[in-house]
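Please open the model in a viewer and keep the selection panel at hand. The stops below are arranged so that each selection leads to the next.

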Amino acid sequence: MREDVKAAFETLISGGLILYPTDTIWGIGCDATNQEAVKRVYELKKRVDQKALITLLDNPVKLDYYIEEVPAIAWDLIEVSETPLTIIYDNARNVAQNLIAPDGSLAIRITKEKFSNELCKRFRKALVSTSANISGQPAPANFSEINEEIKKGVDYIVKYRQEDKTEAKASSIIKLDKNGGVKIIRE
């Protein structure tokens with residue numbers, strides 16, 4: 001796994017795209033602060049950039065850097081969530097402009113999965129994590145279901161967990177407003 005983290009890290013630093021396992025499904029990743037890399041992800045997925053992408057962090061302490069004001073309830077939700085939880089926050093900052101939704105929000109998940117957490121720690125920046133599929137097609141449950149077009153469109157494919165046939169599923173998604181209001185987007 002260590003060699004995979006190193007190779008993925010080097011790809012991210014150079015502005016490349018990676019295909020990697022996360023705490024949910026396999027994802028397409030890039031440096032969340034690199035506008036050109038984010039643009040390539042949208043192009044690969046054939047997705048309009050008005051539909052924002054999820055980002056990963058390894059530690060909730062880093063939220064304050066990317067979100068102007070983290071609602072107090074977010075800390076409790078992150079702490080008690082037993083399954084992967086993506087939270088959409090208002091007033092995003094310090095990421096590529098084309099990663100921020102038109103309403104100024106950003107979707108962030110704290111990953112606890114071994115590989116993606118280690119990569120986030122090493123990279124020390126937010127990491128894009130969007131499902132490894134063409135927009136509109138079903139998200140792959142494991143590596144063997146990933147479309148060849150996606151595999152050919154990235155610069156590095158992580159070897160770790162490629163043989164894992166566990167049926168993965170996407171995270172729950174909620175949107176928090178600055179007053180602590182909660183809206184469920186995906187259960």
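## First stop: a buried phenylalanine

Select Phe115, which counts as buried because its relative accessibility is 0% (buried means under 20% relative accessible area, exposed over 50%, partly exposed in between, with a 1.4 Å probe and protein chains only). This is a predicted model, in which local features need pLDDT of at least 70 and side-chain atom pairs count only at pLDDT 80 or more, while totals for chains, interfaces and linings use all residues. Residues are numbered from 1 along each chain as its sequence is written, and side-chain values use heavy atoms, with hydrogens and water left out.

Phe115 belongs to helix 5 (residues 114-123); helices (H or I, at least four residues) and strands (E, at least two) are DSSP runs, numbered from the N terminus. Now display the surroundings of Phe115: leaving aside neighbours within four places in sequence, Phe115 is in contact with Met1, Asp4, Val5, Ala8, Tyr20, Pro21, Val158 and Tyr160, where contact means heavy atoms within 4.5 Å.

Next, colour the open sheet whose 6 strands follow the order 6-3-5-4-9-10 with mixed pairing; two strands pair if DSSP finds at least two bridges between them. Strand 6 (127-128) and strand 10 (182-186) are the edges, each with a single partner strand, so one side of each has no neighbour in the sheet.

Begin at strand 6, which pairs with strand 3 (residues 54-57) in the antiparallel sense over 2 bridges. Leu56 is found opposite Leu127 of strand 6.

Select Thr55, a residue of strand 3. Thr55 is buried, its relative accessible area being 0%. Its contacts, apart from neighbours within four places in sequence, include Ala32, Leu99, Ile108 and Val128.

Strand 3 pairs with strand 5 in the parallel sense over 4 bridges, and the bridge partner of Thr55 in strand 5 is Ile108. Which way do the side chains of strand 5 point? Leu106, Ile108 and Ile110 point one way, Ala107 and Arg109 the other, and all are buried. With 5 of its 5 residues buried, strand 5 is therefore largely enclosed by the rest of the structure.

Move on to strand 4, which pairs with strand 5 in the antiparallel sense over 4 bridges. Ile87 has Ile108 as its bridge partner in strand 5, and Thr86 has Arg109. Strand 4 is covered on both faces, by the burial of Leu85, Ile87 and Tyr89 on one side and of Thr86 and Ile88 on the other. Its pairing with strand 9 is parallel, over 4 bridges, and Ile88 stands opposite Lys175 there.

Now show helix 4 (residues 72-80), which lies across strand 4 (85-89), strand 5 (106-110), strand 9 (172-176) and strand 10, at about 170° to strand 4. Axes are lines fitted to C-alpha atoms, for helices over the stretch in contact, and angles run from 0 to 180 degrees between N-to-C directions.

Strand 1 (residues 18-20) and strand 2 (residues 27-29) are antiparallel partners over 3 bridges, with Ile18 opposite Gly29.

## Salt bridges

How many salt bridges does the structure hold? There are 12, a salt bridge being a side-chain nitrogen of Lys or Arg within 4 Å of a carboxyl oxygen of Asp or Glu.

Select Asp23 and Arg109, whose closest N and O atoms are 2.9 Å apart in their salt bridge. The pair links distant parts of the chain, with Asp23 in the loop between strand 1 and strand 2 and Arg109 in strand 5, 86 residues apart. Both ends are buried: Asp23 has a relative accessible area of 18%, and Arg109 a relative accessibility of 2%.

Finish with Asp58 and Lys62, a salt bridge with closest N and O atoms 2.6 Å apart. Asp58 is buried at 13% relative accessible area, whereas Lys62 is partly exposed at 26%.
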